[in-house]
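Hello,

Here is the structure I promised to pass on. Please look it over before our next call; my notes follow below.

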Amino acid sequence: MTTRPRILLVDDEIAIQRSVGPLLRSHGYDVDVAGTGTEALKQFAADAPDLIILDLGLPDIQGTEVCRRIRLTSNSPIVVLSARGTEGDKVNALDLGADDYVTKPFGPAELLARIRVSLRRVATEAREDTGRLTAGDLTIDYDRRRVVRQGVEIRLTPKEFELLTLLARQHDRVLTHRAILKAIWGGNAVEQPEHLWTLVAQLRKKIEPDPANPRYLLSEPWVGYRFASSPPD
Amino acid sequence: MRWRHIESLRVGLGIVALGVCTGLYHAWSIANPAIVALTMLMVVLVVAAQAARWVAVTMSVTATLAFNFFFLPPVGTLTIADPQNWVVLFTFLAVSLVASHLSAVARNRTHEAVVRRDELARLFDLSRDVLVVTDSHQALASLARSIARRFDLEFVAIAIPKDGEWGILTAGSVPVDLDTRELSHAFAAAKASLEFDAHSRTYAGHRTMVVQGRTVQLVPLRVGARPTGLLAVVGRLVEAGTLDALGGVVALAIERTQFLDDRRAGELARQSDALKTALLASIGHDLKTPLTSIRAAAANLQGQYLNEADRQDQSDLILAEVDRLNRLFQDILEMARIDAGAVAAEFRWVYPSEIVAAARDQVGHALRGHEVRALTADDVPVKLDPRLTAAALARLLENAAQYSPDGERITLQTRLVDDALELQVQDHGPGIAACDLPHVFDRFFRGRSSRSRPGGTGMGLWIARSLLEIEGGRVWADNDPATGAIFTVRVPVEVNAAAAAMDTE
């Protein structure tokens, strides 16, 4: 029997702790709870969890700051809980290394799905490192710069390949528009998302079975894109 | 009339002076015409320099006659033998006329300067009046009053056209009915032409009309070249240039009040925007957290994985969170009612102890786990709005319970102070940070440490203060270093004196 993944739940609301805690435990996770940012960092240092669920509105330290400090030493997935309604904090957290986000009020299924995806990413990352990724019927060979779907090679432009590689190497993680623009076009392009829209549309036409209903390149509205390694639940 | 007397006196004095000269020179037998003429000329000059023109002429003619009669040969007659003496005579006349003219001009200038200085001072005072006016409702009426007072006018009207109607504000001791058609004509004329008359220092558009036998001076109010209204004055005749300047001051005052109004409106709109943002942020967070917990807890109950005790815990959690949402909605509704002005005070006779009981009853859920000690001194009937007072007190008790550790005592003291009922809520919490004290009653304000305390909506204290204000009461917060925060309410009341007396017996 495999060990149960350990999740650190960071939220100052007692009600969230009391409801989300049992939810996670009953779905096969061990749960530690922290009510403040300081406590969260302390627990994180003492016993590295497999995943962190982090509320952005903490009483002492800003959630984004907690996110940044965790990323200094660890690659554990961070799923951000945001309730502020402001997109800014959420996007900042993702830019600072958070993997995913759920917006309050979220449904339990949504949270559990995000947790599963994030944990799977870490698991496959550890196994892979082979220079290729297979997701569904799509195979990406990073070294040979080849993309094959159902045995047929897909010809991509260098920029398209670059975008696909960027997302696929961090599959199942939300990359913000800003981060993608910066990585592909450089720091001057971060205010020009139209480049990205065009490129994503081109890439979807080539790799998606149904470009109107993407299976691999998923949009996170107003936030960014993610590469889904497995079909959504 | 008095003026005339003074002038006659001057003529008399001048003639006497001439007589004295004549007498003296006769007595001393000085007959050199040059000396006599110069002396007389001096007298004429002195008188003419101070008097009106007719006095000067009279003086010079008299002097000429006297000189001719007494000193010019043939002495004793008014005939002139030597034609050269005609020159002397004309010199006399000319010098005295020129002197009197010069002095008259100088005096006129002085008089004009005094008048202008006086009007400038009045204008200055008026402009100061304008500057202290801030409330636009009162501004123009008080401006009209100021003009009437500063310029000693019997009637002043500021008329401003608005949507085809004339808004007229009047002041002064004599009421005058202005004909609005006449005003419209004058206003149209002022709009049509803009010419500056450099001599009278006025712009075009001045008018005079006669209403009820009185002369009404009309002057357009202009901001730049654009006329914005009319000023009508009755009484002392104000010089046209001054009237024009007066019009300018009034126009600026109107402009200023409009500007102040606009700014106030802008400020209000900005505040309301900030409020909406705060409302959305605050309520957004307060709504989403309970909803999230309820969803998760309901999912936990649906699944079959919890034991009985945990299931109980989850259903308790749901009920608690629903209560929290319910309180939040009540607060939002109460806030909306206050904002809409839908809450009115109803004053009734009531015992303070009833208010305390009602307040405790309203927030029984929050006070569970706390010991409330109520000390009611002066429990005699008072007249106030018991509903508002109790609701406000309930908010304060709820707040005290929130900020006190479980099991700590909350003290509630009630007493009469002067003509007010004082209610004091004292908790054993951490107190209020000094920097937070001025803001605790602000809407959506939460102390820095309160984020970790669920349950507060940030509206309670604001609602308490607003309810108390409706019945004329107030509330303020303090710290007692020994215990915690103290909230004091003071509501002005009528006290039933008879009952109070009976109570003390």
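**The interface between the chains**

Asp313(B) pairs with Arg18(A) in a salt bridge, with 3.1 Å between the closest N and O atoms. Please keep in mind that this is a predicted model. The count of salt bridges between chain B and chain A is two. Residue pairs in polar contact across the two chains come to six, with both partners at pLDDT 80 or more.

Which elements of chain B give two or more residues to the side that touches chain A? They are helix 7 (240-302) and helix 8 (308-339). Helix 7 of chain B gives the most, with eleven residues. By class, this side of chain B has eight nonpolar, seven polar and seven charged residues.

Now the extent of the contact. On chain B, 22 residues are in contact, and they meet 21 residues of chain A. The size of an interface is often given as the accessible area lost when the parts come together. Here chain B and chain A bury about 1,900 Å² between them. Carbon and sulfur atoms carry 59% of that area.

**Salt bridges within the chains**

Side chains of opposite charge can pair when their charged atoms come close. Over all chains, the count is 36 salt bridges.

Take chain A to begin with. Arg71(A) forms a salt bridge with Asp99(A), and the closest N and O atoms are 2.8 Å apart. Arg71(A) lies in helix 3 (residues 63-73) of chain A, while Asp99(A) lies in the loop between helix 4 (87-95) and strand 5 (100-103), so the pair ties together parts that are 28 residues apart in sequence. Are these two residues buried or exposed? Both Arg71(A) and Asp99(A) are buried.

Next, chain B. Asp118(B) and Arg122(B) meet through their side chains in a salt bridge, at 2.9 Å from N to O. Asp118(B) and Arg122(B) are separated by about one helical turn, because they are four residues apart in helix 4 (residues 84-132) of chain B. Asp118(B) has a relative accessible area of 32% and is partly exposed. Arg122(B) has 13% relative accessibility, so Arg122(B) counts as buried.

Helix 8 of chain B holds another pair. The side chains of Glu321(B) and Arg324(B) form a salt bridge, at 3.2 Å from N to O. Glu321(B) and Arg324(B) are three residues apart in helix 8, about one turn of the helix. Both Glu321(B) and Arg324(B) are buried.

One network deserves a look on screen. Arg71(A), Asp99(A), Arg121(A) and Arg173(A) are joined into it by salt bridges that share partners.

**Cysteines**

How many disulfides are there over all chains? The count is zero. Cys67(A) is at 0% relative accessibility, so Cys67(A) counts as buried. Cys21(B) is at 12%, which is under 20%, so Cys21(B) counts as buried too.

**A glutamate in helix 11**

Last, Glu398(B). Its place is in helix 11 (residues 386-403) of chain B. Glu398(B) has 12% relative accessibility and therefore counts as buried. What does Glu398(B) touch, not counting residues up to four places away in sequence? Its contacts are Arg327(B), Val363(B), His365(B) and Ala366(B).

Best wishes

How values were computed. Residues are numbered from 1 along each chain as its sequence is written. Chains are lettered from A and ligands numbered from 1 in the order in which they are written. This is a predicted model: local features need pLDDT of at least 70, side-chain atom pairs count only at pLDDT 80 or more; totals for chains, interfaces and linings use all residues. Side-chain values use heavy atoms; hydrogens and water are left out. Contact means heavy atoms within 4.5 Å. Buried area is the accessible area (1.4 Å probe) that two parts lose on being put together, summed over both. A salt bridge is a side-chain nitrogen of Lys or Arg within 4 Å of a carboxyl oxygen of Asp or Glu. A polar contact is a pair of N or O atoms within 3.5 Å; within protein, one must be able to donate a hydrogen and the other to accept it, and residues adjacent in sequence count only if both atoms are side-chain atoms. Ala, Val, Leu, Ile, Met, Phe, Trp, Tyr, Cys and Pro count as nonpolar, Asp, Glu, Lys and Arg as charged, and the others, Gly among them, as polar. Buried means under 20% relative accessible area, exposed over 50%, partly exposed in between (1.4 Å probe, protein chains only). A disulfide is a pair of cysteine sulfur atoms within 2.5 Å.
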